[in-house]
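Trainee: I have a model open and would like to walk through it with you. Could you take me through it piece by piece?

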Amino acid sequence: MTDSVVIIGAGQAGGQTALSLRQNGFEGTITLIGDEPYVPYERPPLSKSYLAGDVAEERMFMRPAAFYAEKHIVLMPRTTVARIDRAAKKVRLAGGTQLPYTELVLATGGRVRKMTCPGADLPGVHYLRNIDDVLGFRDRITAGLKLVIVGGGYIGLEVAAVAIKRGCRVTVLEMLPLVLNRVVAPEMSHFYTDVHRTAGVDLRTSTGVTAFEGDGKVERVRFGDAVIDADLVIVGIGIIPNVELAADAGLAVDNGIMVDECTRTADPDIFAAGDCSNHFNAIVGARLRLESVPNALAQGKAAALAILGRPEPVVEVPWFWSDQYDLKLQMTGLSRPGDQIIIRGSMAERKFSACYLREGVFVACQSVNMAKDFIQSKKLIADRATPDPAKLADPAIALRDL
Ligand SMILES: Cc1cc2nc3c(=O)[nH]c(=O)nc-3n(C[C@H](O)[C@H](O)[C@H](O)COP(=O)(O)OP(=O)(O)OC[C@H]3O[C@@H](n4cnc5c(N)ncnc54)[C@H](O)[C@@H]3O)c2cc1C
């Protein structure tokens with residue numbers, strides 16, 4: 001049988017795998033199966049420029065639809081894979097059709113975590129993962145709308161920034177005492193809380209939603225004894241990785257599909273890339289499941305190379321970004337509670353970096369409007385640098401000189 005790669009999931013990891021296979025000379029069949037109606041696209045604008053109506057859908061596509069035909073990549077949108085038969089090396093589609101593979105790539109991403117409290121099914125309670133999700137509420141983000149956002153993570157805060165600009169009355173409800181709690185130090189969290197409150201967002205922490213209420217549609221959000229009015233609710237409380245296909249096929253799963261540093265699972269013909277995969281990151285020194293575009297692209301490339309018999313481990317400093325108002329937040333490495341934090345620059349002038357040291361080693365950097373620090377911090381983290389904290393605190397000294 002000629003080589004036939006089947007990729008499940010037409011997101012950025014799946015799309016990148018297909019592109020990298022062709023770019024690196026793969027001549028066999030490539031079938032890219034995705035349950036959404038679109039060609040692979042970038043999700044970051046969904047909570048930023050696309051939500052704001054500033055970019056057209058096509059601008060988010062990784063490549064135009066015609067590209068896939070030109071490259072002989074068989075794209076199967078609106079198609080769900082229901083099962084993997086490893087013994088027969090076939091995937092079964094939801095309609096029953098079977099497709100053989102020589103190599104299989106799982107790039108299934110994640111699905112939104114849903115609210116389970118009373119009223120969670122009311123019309124007007126929305127989530128945000130796909131283009132279609134945004135199309136379901138974007139037109140309603142207009143002046144005067146009472147918008148309640150559940151979850152003070154990146155997505156919730158980015159939506160808040162867009163909605164405030166549009167003149168909505170925005171409330172953000174975060175269950176934990178701090179926003180962005182999972183990924184930043186309290187100093188950063190307080191900074192973003194102040195930014196949003198100053199912009200007019202009613203941001204409430206330590207506030208867990210207990211019910212959505214309304215007559216036929218959401219009209220109120222309840223948290224304990226308190227209640228606020230809502231015309232529209234957007235929930236952003238994280239994702240659950242889509243690992244069920246892998247688990248049902250007997251592949252190891254532990255917060256993601258377990259892969260090696262070249263994206264291969266324990267089955268030598270099956271790979272996993274992107275949000276759905278759990279890999280060892282040599283720079284961080286731990287197994288991780290990353291939810292970021294750079295990781296989806298790096299792992300997509302790595303899967304292609306491994307399939308081509310030229311495996312190259314993914315050795316990348318994790319990085320991520322978030323745009324809120326005039327603030328471009330760029331993050332490298334992974335911080336943890338207990339890390340020493342050093343601020344360089346001025347929080348008041350909204351131009352600074354939070355640098356994190358763990359036992360003296362530079363492990364992470366979160367830059368706000370400091371693009372140079374973002375770029376230069378990657379190397380310090382990769383080199384496990386131990387900069388002098390006093391010099392680190394001085395923004396006049398470039399990170400690369402430390
Ligand atoms: C609103 C939003 C904002 C974001 N902002 C940023 C940002 O600023 N920076 C950043 O780095 N990252 C950001 N991210 C995260 C980033 O978009 C993801 O990490 C990235 O999209 C992961 O790509 P992926 O291909 O692994 O998964 P996905 O993009 O989730 O793609 C997986 C695809 O597989 C499909 N699928 C799943 N199971 C099946 C099946 N059985 N059959 C067929 N198809 C299936 C899914 O429907 C989906 O289309 C953001 C995400 C969202 C939602």
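Mentor: Let us start with E24 and strand E25 (residues 351-358), which run antiparallel and are joined by seven bridges. Strands are said to pair if DSSP finds at least two bridges between them, and helices (H or I, at least four residues) and strands (E, at least two) are DSSP runs numbered from the N terminus. Please keep in mind that this is a predicted model, in which local features need pLDDT of at least 70, side-chain atom pairs count only at pLDDT 80 or more, and totals for chains, interfaces and linings use all residues. Residues are numbered from 1 along each chain as its sequence is written.

Trainee: Which residue in E25 is the bridge partner of Gln-340?

Mentor: The bridge partner of Gln-340 is Leu-357.

Trainee: And what is the strand order of the sheet with E24 and E25 in it?

Mentor: The order is E22-E23-E26-E25-E24, an open sheet of five strands with antiparallel pairing. Its edge strands, each pairing on one side only, are E22 and strand E24 (340-346). From one strand to the next the twist averages 15 degrees, where axes are lines fitted to C-alpha atoms, for helices over the stretch in contact, and angles run from 0 to 180 degrees between N-to-C directions.

Trainee: What lies across E22?

Mentor: Helix H9 (residues 371-382) does, and it also lies across strand E23 (327-333), E25 and strand E26 (361-368), running at about 165 degrees to E26.

Trainee: Switching topic, which domains does the assignment give?

Mentor: The assignment gives domain 1 (4-111 + 239-307), domain 2 (114-235) and domain 3 (326-401); such bounds come from an automatic or database domain assignment. The centres of domain 1 and domain 2, taken over C-alpha atoms, are separated by 30 Å.

Trainee: How many residues of domain 1 are in contact with domain 2?

Mentor: Twelve residues of domain 1 are in contact with ten residues of domain 2, contact meaning that the C-beta atoms of two residues, placed from the backbone, lie within 7 Å. The side of domain 1 that touches domain 2 has six nonpolar, two polar and four charged residues. In that classification Ala, Val, Leu, Ile, Met, Phe, Trp, Tyr, Cys and Pro count as nonpolar, Asp, Glu, Lys and Arg as charged, and the others, Gly among them, as polar.

Trainee: Where does the ligand lie, and why?

Mentor: Domain 1 and domain 2 both give residues to the shell around the ligand, so the ligand lies between them.

Trainee: Which residues come nearest to the ligand?

Mentor: Of the 36 residues around the ligand, Gly-9, Gly-11, Arg-43, Gly-109 and Gly-274 come nearest; a residue is near a molecule or strand if its C-beta atom, placed from the backbone, lies within 6 Å of it. Helix H1 (12-23), helix H8 (293-307) and strand E22 (319-324) are the elements that give two or more residues to this shell. By class, the shell divides into 16 nonpolar, 14 polar and six charged residues.

Trainee: I clicked on Ser-20; where is its place?

Mentor: Ser-20 is in helix H1. Leaving aside neighbours within four places in sequence, Ser-20 is in contact with Gly-300, Lys-301 and Ala-304. The C-alpha atoms of Ser-20 and Ala-304 are separated by 5.8 Å, although the two residues are 284 residues apart along the chain.

Trainee: Why does Ser-20 count as partly exposed?

Mentor: Ser-20 counts as partly exposed because it has 19 C-beta neighbours inside 10 Å. A residue is buried if 20 or more other C-beta atoms, placed from the backbone, lie within 10 Å of its own, exposed if 12 or fewer, and partly exposed in between.

Trainee: What about strand E1, how many of its residues are buried?

Mentor: Four of the five residues of strand E1 (residues 4-8) are buried, so that this strand is mostly covered. E1 pairs with strand E2 (residues 29-33) in the parallel sense over five bridges, and Ser-4 stands opposite Thr-29 in E2.

Trainee: Last one: what is the phi of Arg-78?

Mentor: Arg-78 has a positive phi of about 50 degrees although it is not a glycine. Most residues other than glycine have a negative phi. Arg-78 sits in the loop between strand E3 (73-76) and strand E4 (81-85), and it is exposed, with 11 other C-beta atoms within 10 Å. Lys-89, in the loop between E4 and strand E5 (90-93), also has a positive phi, near 50 degrees.
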